[in-house]
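Subject: Handover of a structure and findings

Dear colleague,

Please find the structure below, together with its sequence.

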Amino acid sequence: MIINGVTIDPTFAEAFPMKGTRIIITAHNAKWAMISAQAFTGFATSVIACGCEAGIERELDPSETPDGRHGVAVLIFAMGGKGLAKQVETRAGQCVLTSPTSALFSGIDGEIEMALGQNLRFFGDGFQISKMIDGKRYWRIPVMDGEFLTQEKTGVVSSVGGGNFLVLAESQAQALAACEAAIEQMRKIPNVIMPFPGGVVRSGSKVGSKYKALNASTNDAFCPTLKGQTNSDLSPEVESVMEIVIDGLSKEDIDKAMRVGIQAVCDLGAENGIRRISAGNYGGKLGPFHFHLQEIMA
Amino acid sequence: MLMKLTGGKIYDPAHGIDGEVRDIYVRDGRIVERPTDVKFDQEIDVRGKVVMAGAIDMHTHIGGGKVNIARTMLPEDHAADVVARTELMRSGCGHAAPSTLTAGYRYAEMGYTAGFEPAILPINARQAHMEMHDTPIIDKGGYVMLGSDDFLLRMMAANNDQEAINNYVAWTMNHSHAIGVKVVNPGGINAFKFNQRKLDLDEKNHYYGVTPREILLRLARAVKELGVPHPLHVHGCNLGVPGNLDTTINTMEGIEGLPMHMTHIQFHSYGTEGDFKFSSGSAQIAEQINKHKNITVDVGQILFGQTVTASGDNMRQHAAHPHAHPNKWVCMDIECDAGCGVLPFKYKDQSYVNALQWMIGLETFLMVDDPWRVFLTTDHPNGAPFTSYPHLIKLLMDKTFRNDVLSQLHPEAQKASHLASLDREYTLYEIAIMTRAGAAKLVGLADRGHLGVGGAADITVYTDNPDREKMFTTPDYVFKDGNMVVKDGHLIDVTWGTTHVVKPNYDISIEKQLKPYFDRYHTQKMGNFKISDDEISDDGRGSITVQPLLLGAKYDY
Amino acid sequence: MSALTFTLKTAPALVQRIDCSALTSDALAEKSLKDIAEIELQTGNTTVRADSVFDISGDDVNNIVFVNSSDKLDFVGHSMTTGKITVEGNVGAYTGIFMDGGNIEVNGDTGIYTACEMKSGQIKINGNTGDFVGGARPGRKNGMTGGTVIITGNSGDRTGDHMRRGMILIEGNAGDYCAARMVSGTIAVLGDTGAHLAYAMKRGTVLLTQTPSRGISANFNDCGSHTLAFLPLLFASFAKLDSKFAQVESFSRVQRYAGDLAGIGMGEILVKI
């Protein structure tokens, strides 16, 4: 399959089940809601070392938030419910509770619930106040700028992590420009995040390493400088490869995001140095979710 | 009115009768010799049935201020157990703290014909007697509570001689209509008022400078010298405290051979071994009981479920208040006499402590050799309501059943007890000793608890059911003073029992001291404090039975 | 289906109170009109057949109506978990006791202990209530533990006594000892409150739109004026109610008083500023 001169590889991205939730951080104004959300989602690029993958889904208008203030919706994913709960709790405790004027709410219902502010309440040292409003429990925790309001629980939903595609271009600059274009479009899609810095990752990995201590290492088949040293997957014209990784609440959401992302890359086309779109997989044996690029773009 | 009970298997330990088939003759409420002349007004065929005297509960909280506090504090206890009025019975309610009428009906339906309230505060004696007066069918009586009353402690602080103390004790017993003397946490209730929160056997009351050991000796001696049959009834120091086993043994040894009844011994038999720092001391305690023939005990068995603990021991109740379930409790000071504490409590079979308490009680039953010196109580309602006695009897008589229950309890507690290795099973004869003959002897009831000629015709007839719980829950017949009050486990007649008292002699000169004391410190005058016989018997429903003093009493004015 | 209607007969006039706890959707499910007519209702120390005191019509047990009601009808909606009960006229004591769902609407006044130990559901009284709304039975530790009570008129004394959770919304005035011994939950009053407001309150919130005419008890300390983030959420939850509270303009600026400081002092009175 070729779109606008860009070859779509007959391959698939392989993704894994994750547990995820959406939380809403509000604040006195959009600026402070965003500051808190950025801190909350910081150092959350990959579960491998961060324990979770998190990102900002979108900014929320006051009419969309529970308390009628500016807010930010954040998605956070982890491999299991327990790990997710731990990450949400420590991040909420260090990055939201601490952030001036903030409030913290659940942004999603789930059959299973987990603690959101449930344990943060103990920061109140006995002065915390519980309020049941419309069947949901909130905690009011006295802090130095007033009260920190947090919902007690948030829903946990089964999600998908690790959707991806690779952009193969003739130069670094062209690969980067294409990824930026893709991310701009993908951010408009609800229920997904691209957890890496700016949404783009340059250090794609393969499973295994020559070093025993490591279970993943650089994806040498896609490293342009190794074209002559390894069993390369790159043609001579390709000088740079970048990847976009997508986590979402469902497979369909990731489908959608990949489609608009790949389309944006292809719109730049061969004339802007884009040669191929490929994807990362492990042979299809590890992850139950397969995103076939040609099916998505069909 | 002459009645014959024909062919029952008689268990009458007072006369050494163990399951012999005999006929019993009753005339006008008394057991009589086989009459030669007349024909019977009534003959009841009890062939194959088990016949015993009516059972006697020698320690049950059925009257007095604290029971009323429990009733007031626990409406849920009432709402969950409502008894509707019938043609015969009046309505009532309450599981742990039943209303007076219901308590009487339930006792009778279990074959009990007497119950003794063990903690009558002198100043509250009228109230206690009025409540017991309202408790139908069963006989009753009470032990008057001394030992934390300011008058006695003043006498002791002033080093008054034993004579004076005897006089005070006798005077109090007479005018509060008691049959015994009880001491609760000797001096501790008083010390609590001086902000002491614990009091060991040899620890001095901060104000009076007297120790529990001295109080026990003085009172035990008074009871002995006055010729009161019921030995000093002692609720010891450090109730419920892990490690109180040493105090308890010390108390037994320290009484210098005087008769002493140690009540709800289970709560006083705790060691501090093991990971939980709470262990069974029943083996040591039982050994001491077996050794000291002057000591009698009742167990105060706990059984699992919701109940309420009502005690004069406000010091220990105050310490226990964090365990109140549901979370409400009362501790109060009662004039110059004592205090009380009432705490609802739920014994849980999956609690290590509660499970071990259950085992400690049963171990004590099984390891004390002489059934004449150990009595079956749950310290109603503190360990469990009295309605659980049949269940307790089954635990004692049926090892398989006991071990089945045991295997369901907190696993760590099971490991901490050797109950499973105790093979003893009580016999019907031994049960009859514990609940009839022994109890009557202990309380000092000359004409109760036996089936000999001249005895009151308080008789219970059971079907010999191998399920002892069923057997003792629903007797076939219960006779109270010759009247059939229960048939097939159901009440068919409501009669009114008597109030048993003793009247030890005293020297009236004690009133010269007491009158000004009442005037100055009490809320009522001495004249009003004294309960007259009329107050109990005037309406024709109640009556007073004066039981004889022991021969050789020191005083004969 | 038409509403199952119990019309109280005018003659003979009621002498004793009637226990209506048997007349709920839960208790009447699967029962025919004949069965219902035969139900024995406790009155005084005896029982009477339902059809001897009520004219009974209709068939929808999930929609029960009491017509010509009297303040002698007690325990209406006892332990109900579903359905709707409408009362035309006054009703007696313990309306909605132990209620765990469903809906009661009274077009009249209620007696004492309305919503006593209620767990869930909604009670709306288009009139005044007696004392102890949402309270606990004597000796009990917890009053209502959930649900919403709306009172368009005035509430009696000791509203929310021992209340544990849930909401009581009073469009008129509250009587004396409002929120006394309150354990937690929310009481909001649009009118005035009586003497001893929040006496012995432990936790919970009393929300007032005007300063109480009798002032705030000395047992409550002023914590200053604040913007509280939970109030907009609370007002948003009022929006769907059939009540004046749905029209109250949301505010989050309040003067906060904490007490009762004679006890644990974790309760709060919030007064709009």
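Helix 9 and helix 10 of chain B are roughly parallel to each other, because the angle between them is about 5° and angles under 35 degrees count as roughly parallel. Please note that the model is a predicted one. The axes of helix 9 (residues 245–254) and helix 10 (residues 282–291) of chain B lie 10 Å apart. On the side of helix 9 of chain B, the contact is made by B:Leu245, B:Thr248, B:Ile249 and B:Met252, and helix 10 of chain B supplies B:Gln284, B:Ile285 and B:Gln288. By class, this contact of helix 9 with helix 10 of chain B comprises 4 nonpolar and 3 polar residues, with no charged residues.

Helix 6 (residues 162–176) and helix 8 (residues 212–226) of chain B pack at an angle of about 75°, and their axes are 9 Å apart. Helix 6 and helix 8 of chain B are therefore roughly perpendicular to each other. Helix 6 of chain B contributes B:Gln162, B:Ile165, B:Asn166, B:Val169 and B:Ala170 to the contact, while helix 8 of chain B contributes B:Arg218, B:Leu219, B:Arg221, B:Ala222, B:Glu225 and B:Leu226. The contact of helix 6 with helix 8 of chain B has 6 nonpolar, 2 polar and 3 charged residues.

Helix 8 of chain B is also the place of B:Val223. Is B:Val223 buried or exposed? B:Val223 counts as buried, because it has 28 C-beta neighbours inside 10 Å, and 20 or more are required for that class. Leaving aside neighbours within four places in sequence, the residues in contact with B:Val223 are B:Val181, B:Val228, B:Pro231 and B:Leu232. B:Gly180 is 43 residues from B:Val223 in sequence, yet their C-alpha atoms are 8.1 Å apart in space.

Turning to the strands of chain B, strand 10 (residues 139–146) is largely enclosed by the rest of the structure, because 8 of its 8 residues are buried. In a regular strand, side chains alternate between the two faces of the sheet. Both faces of strand 10 of chain B are covered: B:Asp139, B:Gly141, B:Tyr143 and B:Met145 are buried on one side, and B:Lys140, B:Gly142, B:Val144 and B:Leu146 are buried on the other. Strand 9 (residues 112–120) of chain B runs parallel to strand 10 of chain B and is joined to it by 5 bridges. B:Phe116 stands opposite B:Gly141 of strand 10 of chain B.

Chain B also holds an open sheet of 3 strands in the order 17-19-18, with antiparallel pairing. Its edge strands, each pairing on one side only, are strand 17 (305–311) and strand 18 (330–334) of chain B. From one strand to the next the twist averages 15°. Helix 1 (residues 65–73) of chain B packs on this sheet and touches strand 17, strand 18 and strand 19 of chain B; the direction of helix 1 makes about 45° with that of strand 19 of chain B. Strand 18 and strand 19 (residues 338–347) of chain B run antiparallel and are joined by 5 bridges. B:Val330 stands opposite B:Val342 in strand 19 of chain B.

The domains of chain A come next. Chain A is divided into domain 1 (2–14 + 159–297) and domain 2 (19–157). The C-alpha centres of these two domains of chain A lie 31 Å apart. In chain A, 10 residues of domain 1 are in contact with 11 residues of domain 2. The side of domain 1 of chain A that touches domain 2 of chain A has 7 nonpolar, 2 polar and 1 charged residues.

Finally, the chains themselves. Of the 2 pairs of chains that touch, chains A and C have the most contacts. Here 10 residues of chain C are in contact with 13 residues of chain A. Strand 15 (221–227) and helix 4 (230–238) of chain C are the elements that give two or more residues to the side of chain C that touches chain A, and helix 4 of chain C gives the most, with 5 residues. By class, that side of chain C has 6 nonpolar, 3 polar and 1 charged residues. Chain A and chain B do not touch, and their nearest C-alpha atoms are 19 Å apart.

Yours sincerely

Note on methods: Residues are numbered from 1 along each chain as its sequence is written. Chains are lettered from A and ligands numbered from 1 in the order in which they are written. This is a predicted model: local features need pLDDT of at least 70, side-chain atom pairs count only at pLDDT 80 or more; totals for chains, interfaces and linings use all residues. Two residues are in contact if their C-beta atoms, placed from the backbone, lie within 7 Å. Axes are lines fitted to C-alpha atoms, for helices over the stretch in contact, and angles run from 0 to 180 degrees between N-to-C directions. Helices (H or I, at least four residues) and strands (E, at least two) are DSSP runs, numbered from the N terminus. Angles under 35 degrees count as roughly parallel, over 145 as roughly antiparallel, 65 to 115 as roughly perpendicular and the rest as oblique. Ala, Val, Leu, Ile, Met, Phe, Trp, Tyr, Cys and Pro count as nonpolar, Asp, Glu, Lys and Arg as charged, and the others, Gly among them, as polar. Domain bounds come from an automatic or database domain assignment. A residue is buried if 20 or more other C-beta atoms lie within 10 Å of its own, exposed if 12 or fewer, and partly exposed in between; C-beta atoms are placed from the backbone. Two strands pair if DSSP finds at least two bridges between them.
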